[in-house]
Amino acid sequence: MSFLEMLYFIIPSAILYATPLIFTAIGGVFSERSGVVNIGLEGLMIIGAFVGIYVNLEYASQLGAATIWIAMLAAVVIGGIFSLFHAVASISFRADQTVSGVAINLLGLAVSVFLVKMIYDKGQTDMITRPIGRFAIPYLENIPFFGPLLFRDVYSTSILAFAVAIGAWFIIYKTPFGLRLRAVGEHPMAADTMGINVNKMRYIAVVISGALGGLGGAVYAQTITGDFSHATIAGQGFMAIAAMIFGKWHPIGALGAALFFGLAQTLSIAGSQIPFIENVPAVYLQILPYVLTILALAGFIGKANAPKASGQPYIKGKR
Amino acid sequence: MSNRVINILVPIVSIIIGLIVGAIVMVVSGYDPIQGYIALWTGIFGDSYSIGNTIRQITPYILAGLAVAFAFRTGLFNIGVEGQLILGWLAAAWVGYAFELPKVIHLPLALLAAAAAGAFWAFIAGFLKAKFKVHEVIATIMLNYTALYIANAVIKKLSDGGFKTERVLESASLRSPFLRELTDNSSLHYGIIVALLMVVVMWFILEKTTRGYELKAVGFNKNAADYAGMSVNKNIILAMTISGMFAGLGGAMEALGTFQNASIKPGFTGIGFDGIAVALLGANTPLGVVFGASLFGSLKYGALNMPNAAGIPEEIVSIIIALIIFFVASGYIIRVGLQKLSKKKEGQ
Amino acid sequence: MEYVIEMLGIRKEFGQFVANDNITLQLKQGEIHALLGENGAGKSTLMNVLFGLYQPEGGEIRVRGKAVKITNPNVANDLGIGMVHQHFMLVENFTVTENIILGSEPTKMGIVNIKDAAKKVQALSEKYGLDVDPYAKIEDITVGMQQRVEILKTLYRGAEILIFDEPTASLTPQEITELIQIMRRLIAEGKSIILITHKLKEIMEVSDRVTIIRKGEGIGTVVTANTNPNQLAEMMVGRQVEFKTKKIEANPTEEVLAIENLVVTDYRNIDKVKGLHLNVRKGEIVGIAGIDGNGQSELIEAITGLRKIKSGTVKLNGQDITNMKPRKITEEGVGHIPQDRHKHGLVLDFPIGHNIVLQTYYQAPIAKGFVMDYKKVSEKARQIIKEYDVRTGNGEMTPARALSGGNQQKAIIGREIDRNPDLLIAALPTRGLDVGAIEFIHSRLIEQRDKGKAVLLISFELDEVMNVSDRIAVIYDGQIVDELNPKQTTEQELGLLMAGQSKKNNKRDVKEGND
C-alpha cells in the first residue's frame with residue numbers, strides 16, 4: 001500500500017468511526033453546559049442503537065430508501081424520552097447525577113437486550129438489509145488529493161454530524177437560549193434571579209443529550225455493526241464523554257476530539273495492515289483516547305474546566 | 001418518624017417499588033410475573049447448589065460494594081472499581097499459576113497481588129486528583145477502559161495469543177472439596193470469608209482509627225482538614241488506594257475462586273458498576289454493603305433460572321436493579337413522601 | 001404622601017418557626033429607607049417576600065396603592081422592583097453586558113444582539129454615573145464594579161424601586177463613598193431605595209427613615225433625623241447596648257509572636273504580604289485593622305502554616321516556626337479561630353463533638369496509638385459544650401450544621417482556648433453574629449489576655465478593633481503602616497490609614513500599648 005492509498009483508506013474510516021462520537025459528544029456538551037453531568041450517554045447510545053436496528057429490520061421493506069432516516073428519527077425520539085429518567089431523577093429528585101447516569105447505562109443495556117430476546121427470541125438481531133450507505137459527491141470527488149480523501153466515500157450521516165456540530169456552536173454561543181443554557185450551568189441562582197427557569201433549561205438540555213446520544217447509537221449500529229447485541233455499543237458512550245472533555249465542553253472542540261479518537265480507533269482496528277504502525281501493538285491505540293483525556297484534565301494539554309455548577313442539583317433558596 | 005427509621009425505609013421502599021415495576025414490565029411484555037418471581041426465588045434458594053452459587057455471586061459484590069462505599073465515605077466517587085477489579089483479577093490469576101509455593105504462602109500472596117494491583121490502579125486516580133485536581137469520576141472512567149485493554153493485551157501475551165491464562169494452581173485456589181460437597185458441586189469458595197473479613201476491616205478503619213477520622217474529615221471538608229493540620233493530598237490518595245484494594249480483592253475472588261483463570265473480556269464484568277448500587281443501597285456502611293450485595297448478588301444469580309423456568313429473559317432482573325438504583329438515588333423524594341405519610345398518620 | 005411600596009402586617013412562617021411577624025414597612029417615593037435588624041432578625045426573609053421568592057402567610061403588599069400578589073421574581077421585575085444581592089448574582093466568565101441582558105436578551109433574527117445591548121448598557125451607566133466596561137469579563141473586574149453591574153441589571157429592567165441587601169459588606173471605604181453617591185444619584189433620578197443593613201453609621205449618613213425589626217417582629221419606623229445611634233441600637237437589640245467593652249488595663253510582658261520582614265504570595269503567586277513586621281506580647285490584644293484584601297488572610301495563613309512563606313521569619317516564643325507544618329505550629333501553642341467557620345472551622349457533617357477534637361484526635365487520651373476512643377471524645381465535647389454554653393439540640397452528637405452561627409462559633413472558641421495556646425489568633429470572630437454572641441466572644445478574648453496570653457485579632461469592623469484591642473496595627477497593601485493606641489486615635493484617623501492615605505513620617509510613637 002502506498003502512503004496515499006493508506007491515507008485514502010484511513011481518513012474516511014476515521015470519519016466513519018468519529019461520526020457517532022460527534023453526535024453523542026455534542027449531546028454531552030448540551031447536558032453538561034446546563035450543569036447536568038451525563039454519564040448515561042453510553043446507555044442512551046445503546047437504546048438508540050437498538051431502536052435504529054429494530055426499525056430498520058422491521059420496516060425496511062415498507063420504507064425503502066427512507067428507512068435509515070426513519071430509524072434515526074425513531075432513535076432520536078426514544079433516546080430523548082429515555083433520557084427523561086435521568087432528567088427526572090437528577091433534576092427534580094436531586095439524585096446524584098453520576099449515580100443516575102450509571103443507572104441509565106444499566107437500564108439502557110438491560111431494556112435493549114430484554115426486548116431483543118422478547119422480540120427475536122435470541123440475544124442478537126439479524127443483520128439489517130439497508131445499512132447507511134456511502135456515496136461520492138459529484139465534482140468534489142475529482143479534486144486531486146482531497147477528493148478521494150474526503151469526498152469519495154462519504155456517509156450522509158457524517159455530513160449531518162458536521163452540521164450538528166456547527167449548529168450546536170451557533171445555538172450555544174449566539175442565541176438567547178445558549179446564553180441562558182451557559183448561565184444555568186455556571187451560576188444557576190444568578191439565572192434564577194433573572195427570571196430564567198433553571199430546571200426547565202436543564203430538562204431541555206438533558207433531552208437534547210438523550211436525542212443526540214440515541215442518534216449516535218443508531219448511526220453506529222447502522223454504519224459499523226449492522227446488527228444489535230449486548231456488545232454493539234461497548235464504550236462508545238464513554239469515549240464520547242472523553243471527546244467532550246478533550247474538546248473542552250465546546251461543540252467544535254468535541255468535533256475535533258471525536259475525529260481524533262475516530263482516527264485512533266481506525267488505527268487500532270486496522271493497524272496491522274498499515275505500514276509504519278503495523279508493529280505498534282493495538283493496545284496503545286486502544287487506550288490512547290482515554291489516556292489523552294486524563295492528560296488533558298491534568299493540564300498537560302491545556303487546562304480543561306468543567307462548567308462550574310455541573311453535578312449539583314439546583315435547590316431554590318439555598319445559598 | 002425518626003430520621004433513622006426513614007434511612008432504613010428508603011432502600012426498602014425502593015426495593016419494593018423496583019419489584020413492583022419489574023412485575024408490571026413483565027405483564028406488559030406478556031410474561032407471567034408470578035411465575036417469574038417464583039423462578040427467581042428457586043434460582044436463589046431452590047437447593048443447596050443454588051444457595052452455594054448465590055453466595056459465590058455475592059462475594060465479589062461485597063468487595064466491589066466496599067470499594068465504592070469506602071470511597072464515598074471519604075468524599076470520593078470511585079466509578080473505577082471495574083478497572084481495578086479487572087487488574088486484580090489478572091494479577092491474582094498470574095501469581096496463581098506462575099509460582100509454585102506452599103498454600104500458606106501462595107494463596108495470601110495471590111490475594112495480596114490482586115489487592116496491590118487494584119490499589120495501584122486506584123492510586124493513579126487519587127494521585128491525579130491530589131496533584132492535578134483531576135476529577136476522580138472522569139479519571140476512573142478513563143482508567144476503566146485503559147485497564148480493560150491492557151488486561152486483554154497482557155492475557156493475550158501470557159497465553160501466547162490465546163484468550164485465557166493457565167488455570168491457577170491448587171495452592172492458590174480458594175475452592176475446596178469440602179464446600180463443593182456441601183453445596184452439591186456448586187462453585188462456592190472460601191472467598192466469602194475474605195469478603196466478610198474486609199467488611200470488618202472497613203468498619204475498623206473508619207469507625208475506630210485516627211486515620212479513619214482523618215479520612216472522613218478530609219472527605220467532608222478539605223479546608224477544615226487542612227486547617228486542622230491533616231494532609232489532604234495524602235488522605236485523598238490513601239482513600240483511593242484502600243478503595244482500590246477492596247476492588248482488586250474482588251477480582252481475586254473471580255480469579256482464585258469462581259473462574260480459576262483470567263480470560264479476555266469483550267467488555268466490562270459489570271461487577272464494578274453494580275458495586276455502586278450495592279454501596280448506595282447499603283447507605284455506604286460496611287454492614288449495609290453486606291445486605292446490598294446479598295440482594296443484588298442473589299437477584300443476579302437467581303435471574304439465570306428465569307429463562308428456563310419461566311421463559312423470561314434474565315435481563316428483567318437488570319432492569320429491576322437499575323430501577324432500584326434510580327429510586328434509592330432519588331431518596332430525597334421518597335423521604336419527602338414518607339414524611340408526609342407519617343405526618344398524616346400523626347394528624348389522625 | 002404617596003407610598004410606592006407598602007408591606008402591611010407581613011407574616012412568614014417556616015414550619016413552626018415564625019421568621020416575620022406583623023412587620024410593616026412603607027417606602028415613600030424618592031426616599032432611602034433603611035431596614036435595620038440584627039443578623040437573623042428576618043430582614044432577608046422580608047425582602048425575599050417582597051421580591052417574590054417567598055409567599056407570606058399573612059399581611060398585604062401594595063405597590064403604588066394597589067394590592068398585589070408577588071408570586072415570583074418576574075412579577076417583582078414587572079412591578080419595577082429590583083434587588084441588588086449581597087452575594088452578587090453574576091456569571092463569572094460572562095461579560096458585563098451578557099450578565100445584564102441575561103433573561104431579556106435583545107435579538108436580531110434570533111441572534112443575541114450584543115452590540116446594541118452594550119450600547120444601551122454604556123448609556124445607562126453614564127446616566128447614573130456607574131463606571132463599567134460593557135465588554136469586560138466579571139472575573140476581571142473589582143468588587144465595586146461588580147456591584148455596579150448588579151445595580152445596572154435592575155436599571156436595565158426598568159426598576160423604580162431598588163433593594164440593596166447589605167451592600168457595603170465587601171467594599172472598601174472609597175467604594176462605600178462612591179456607592180452612597182450612586183444611591184443619591186438614583187434618588188435624584190426618581191428612584192426609591194430600601195437599604196438592608198445592620199450598620200448604624202451608614203444608616204445615619206444616608207437614610208431618610210429607618211424601619212427596625214427584632215427577632216422577626218416589627219419594632220417601628222423612625223425618621224433618621226430625629227434619632228441617634230444609641231436609640232437605634234436599643235431598638236434593634238431590645239436593651240441598652242454598651243458600645244464600650246469593659247476591661248481592665250493591659251499588662252503586656254514578653255514577646256510571644258515576632259514577625260520580621262514577612263513576604264507571602266496569594267494563590268496566583270502575587271505578593272500580598274510585603275515585608276511585614278509585627279509583634280504580639282503576653283497579656284495584650286493586638287488588633288489588625290484594615291480593609292478586606294490587604295493581606296490579612298495571607299498573614300494569618302502564613303503564621304499558622306497554611307500558606308508558604310516566601311521570605312522573612314515568624315517566631316513563636318523565640319523559636320523559629322517559619323514554614324513549619326500546620327500541625328507542628330498548632331502543637332507549639334497557636335490557637336486559631338478561622339475567619340470562615342463553615343469553610344475552615346468546622347466539618348459541618350460531623351457531630352459537634354467530633355469537631356471539638358479536630359486538632360487533638362490523634363493525641364492521648366483521645367487516641368491510644370492509632371485507635372480512637374470515642375468515649376473520651378464525648379467527654380471532652382460535653383465539657384466544652386458546658387463551659388462555653390454551646391446550645392445544641394441533641395448534646396455532642398448533634399450535627400455541627402444544625403447549630404446556630406453563634407453556637408458554632410462558641411464551640412470553635414471553646415476548642416481553641418481549651419488547648420491553652422500561648423497565642424490565640426481570632427480572625428473576624430464575630431462576623432454574622434448577634435449582639436449577645438458578640439459580647440460573649442469579646443469577653444472571652446479579653447479573659448485570655450488577662451490570663452497572660454497573647455491575642456491577635458483581625459477584623460474589618462472598626463468598632464470591634466477600637467473596643468477590644470490594646471494596640472492597633474493598621475494593615476495596608478501587605479504592610480503594617482502604623483501602630484496606634486486605641487485610646488488616642490479616632491475612627492477618622494484609622495479610616496485614612498486603612499485607605500493608605502497617611503505618610504510614614506506622620507507616624508506617632510505608640511509602640512507601648514498601655515500608656
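A: Within chain B, 79% of the contacts with a separation of 6 or more are between residues 24 or more positions apart; two residues are in contact if their C-beta atoms, placed from the backbone, lie within 7 Å. This is a predicted model, in which local features need pLDDT of at least 70 and side-chain atom pairs count only at pLDDT 80 or more, while totals for chains, interfaces and linings use all residues. Residues are numbered from 1 along each chain as its sequence is written, and chains are lettered from A and ligands numbered from 1 in the order in which they are written.

Chain B has 16 helices and 0 strands. Helices (H or I, at least four residues) and strands (E, at least two) are DSSP runs, numbered from the N terminus. The radius of gyration of chain B is 21 Å, close to the 20 Å that the globule rule gives for 348 residues, so chain B is as compact as a globular protein of that length. That radius is taken over C-alpha atoms, and the globule rule is 2.2 Å times the number of residues to the power 0.38. The C-alpha trace spans about 70 × 60 × 35 Å along its principal axes. Of the 348 residues in chain B, 59% are buried; a residue is buried if 20 or more other C-beta atoms lie within 10 Å of its own, exposed if 12 or fewer, and partly exposed in between, with C-beta atoms placed from the backbone.

Chain B touches chain C through 14 residues of its own and 22 residues of chain C. On the chain B side, α9 (210–220) and α10 (222–227) are the elements that give two or more residues, and α9(B) gives the most, with 5 residues. By class, this side has 6 nonpolar, 5 polar and 3 charged residues. Ala, Val, Leu, Ile, Met, Phe, Trp, Tyr, Cys and Pro count as nonpolar, Asp, Glu, Lys and Arg as charged, and the others, Gly among them, as polar.

The contact between chains A and B takes 37 residues from chain A and 34 residues from chain B. On the chain A side, the elements giving two or more residues are α3 (67–92), α4 (97–120), α10 (236–246) and α12 (282–297). The most come from α4(A), with 13 residues. This side of chain A has 28 nonpolar, 6 polar and 3 charged residues.

Chain A itself has 12 helices and 2 strands. Its radius of gyration is 20 Å, close to the 20 Å that the globule rule gives for 319 residues, so chain A is as compact as a globular protein of that length. Its C-alpha atoms fill a box of roughly 65 × 50 × 40 Å along the principal axes. Buried residues are 57% of the 319 in chain A. Among contacts in chain A between residues at least 6 apart in sequence, 76% join residues at least 24 apart.
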